[in-house]
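Have a look at the sequence and the model first. The notes below go from the overall layout down to single residue pairs.

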Amino acid sequence: MGLDLRMGRVAPAGQLGSFQITVGTDKQRLSDDFPTYTVVLKADDDNTGNIYVGNSDVTTSSGLRLSPGQSLSIDIDNLNKVYVIADTADQKLYVLWLR
């Protein structure tokens with residue numbers, strides 16, 4: 001087991017992986033059923049718009065905004081609970097996961 005001192009929690013040993021998706025102006029789920037412990041999302045530095053992160057109700061008005069180059073870390077048990085939408089078509093989002 002690894003120790004996460006920032007959160008004062010013990011993180012299970014596991015797998016680390018990543019993928020990239022293109023986010024458009026229609027909301028999309030990050031993945032089908034995909035158990036995780038933590039996910040890090042990073043908007044590409046060269047994006048021309050913003051990406052919004054939230055639950056299945058996410059919109060460009062209600063989501064947490066990721067401007068180009070910004071990142072977000074979420075402790076969550078499954079990627080299928082995370083949805084994204086962009087205010088401009090064809091925005092790149094990098095996803096790093098631990099499970």
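What follows is a short tour of the strands, the sheets, the core and the charged pairs.

## Ground rules

This is a predicted model, where local features need pLDDT of at least 70 and side-chain atom pairs count only at pLDDT 80 or more, while totals for chains, interfaces and linings use all residues. Numbering starts from 1 along each chain as its sequence is written, and side-chain values use heavy atoms, with hydrogens and water left out.

## Overall layout

The protein has 10 strands and 0 helices. Here strands (E, at least two residues) and helices (H or I, at least four) are DSSP runs, numbered from the N terminus. So the pattern along the sequence is simply β-β-β-β-β-β-β-β-β-β.

Of the 99 residues, 40% are buried; that label means under 20% relative accessible area, with exposed being over 50% and partly exposed in between (1.4 Å probe, protein chains only). The accessible surface comes to about 5700 Å², and carbon and sulfur atoms account for 49% of that (Shrake-Rupley method with a 1.4 Å probe; for residues, only the protein chains shown count as cover). As for contacts (heavy atoms within 4.5 Å), take the ones between residues at least 6 apart in sequence: 82% of these join residues at least 24 apart.

Two strands count as paired if DSSP finds at least two bridges between them. β3 and β10 are joined by 8 bridges, with V23 opposite Q91. β5 and β10 share 6 bridges, and K42 has Y94 as its bridge partner in β10. Between β5 (residues 38-43) and β8 there are 5 bridges, and L41 has L72 as its partner in β8.

## The β4-β9-β6-β7 sheet

Another open sheet of 4 strands runs in the order β4-β9-β6-β7, and its pairing is antiparallel too. At its edges are β4 (28-29) and β7 (64-66), each with a single partner strand, so one side of each has no neighbour in the sheet. β6 and β9 run antiparallel and are joined by 4 bridges; among the residues involved, G54 has Y83 as its bridge partner in β9.

## The nonpolar core

The largest nonpolar core has 20 residues, and those with the most contacts inside it are L30, L41, I51, V53, L66, V84 and L93. The elements giving two or more residues to this core are β3, β5, β6, β8, β9 (83-86) and β10 (91-98). A core of this kind is a set of buried Ala, Val, Leu, Ile, Met, Phe, Trp, Tyr and Cys residues joined through side-chain atoms within 4.5 Å.

V53 is worth a click. It sits in strand β6 (residues 51-54) and is buried, at 7% relative accessible area. Leaving out neighbours within four places in sequence, V53 has contacts that include L41, L66, L72 and V84. V53 and L41 are 12 residues apart in sequence and 9.1 Å apart in space, C-alpha to C-alpha. With residues up to four places away left out again, I51 touches partners including V23, L66, V84 and L93.

## Charged pairs

How many salt bridges does the structure hold? There are 3, counting a side-chain nitrogen of Lys or Arg within 4 Å of a carboxyl oxygen of Asp or Glu. R29 and D32 meet at 2.9 Å, N to O; R29 is partly exposed at 37%, while D32 is exposed at 55%.

D45 and K42 also form a salt bridge, at 2.9 Å, with D45 exposed at 54% and K42 partly exposed at 29%. In the D77 and K81 pair, the closest N and O atoms are 2.7 Å apart; D77 is partly exposed at 45%, and K81 is partly exposed at 43%.
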